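Work through the exercises below with the model open. Each task is followed by its solution.

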Amino acid sequence: MHILVINGPNLNMLGIREPNIYGSNSYENLCSIILDYAAEKGVEAQLFQSNHEGAIVDAIHEAYRDEVDGIIINPAAYTHTSIAILDALKAVAIPAVEVHISDISTRESFRQMSYAGMACEKSFVGLGFDGYLRAIDYLIGK
Ligand code: DQA
């Protein structure tokens, strides 16, 4: 099984950005946690982070060409704005799971809307880094 994990803008700043919301662990920590867990489960995980909407759309298209089995996506702020990412997920029709480190449902009203979530089978929100691991479990269990 081959999974692509996509993280959107400012997630490369984990550990520095608003630690009261996102915790004190870095993006590099997140990557090793995901890679270790995936290896333990016999899953090949590929990690991608970008601060650019079009680059995320391109990565989703590439997942189609690479015949990726599942996408885990935290589109970060693009969650709430990007119809392009929603359309890309719909276009490739690869099983996708949405993850948010914080609980967007209890935050500002502009975070309540998730476009990407409309193309995802499942969402894990507010579980910190564990959300990514629960998303791997979900894709394995399908
Ligand atoms: C986030 C929540 C988004 O609202 C925010 O813009 C982010 C991170 C999260 O993981 O909790 O950058 O996706």
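**Exercise 1.** State the volume of the largest pocket and describe its lining.

Solution. The largest pocket has a volume of about 180 Å³. (A pocket is an open set of points on a 1 Å grid over the protein atoms alone, where a 1.4 Å probe fits, with protein on both sides within 12 Å along at least five of seven lines; lining residues have an atom within 4 Å of a point.) This is a predicted model, in which local features need pLDDT of at least 70 and side-chain atom pairs pLDDT 80 or more, while totals for chains, interfaces and linings use all residues. Residues are numbered from 1 along each chain, and side-chain values use heavy atoms, without hydrogens and water. Next, the lining: 16 residues, with R17, Y22, A76, A77 and R111 nearest the pocket's centre.

**Exercise 2.** Which pocket does the ligand take up, and which residues surround the ligand?

Solution. Around the ligand are R17, Y22, N74, A76, A77, H80, H100, I101, S102, I104 and R111 (each with a heavy atom within 4 Å).

**Exercise 3.** Find polar contacts (N or O pairs within 3.5 Å) of the ligand with S102, H100 and A77.

Solution. Start with S102: a polar side-chain atom is 2.6 Å from a ligand oxygen. For the H100 side chain, an N or O atom lies 2.8 Å from a ligand oxygen. A77 uses a backbone N or O atom, at 3.2 Å from a ligand oxygen.

How values were computed: A polar contact is a pair of N or O atoms within 3.5 Å; within protein, one must be able to donate a hydrogen and the other to accept it, and residues adjacent in sequence count only if both atoms are side-chain atoms. Grid points are joined across faces, edges and corners, and a volume is the space filled by probe spheres set on the points.
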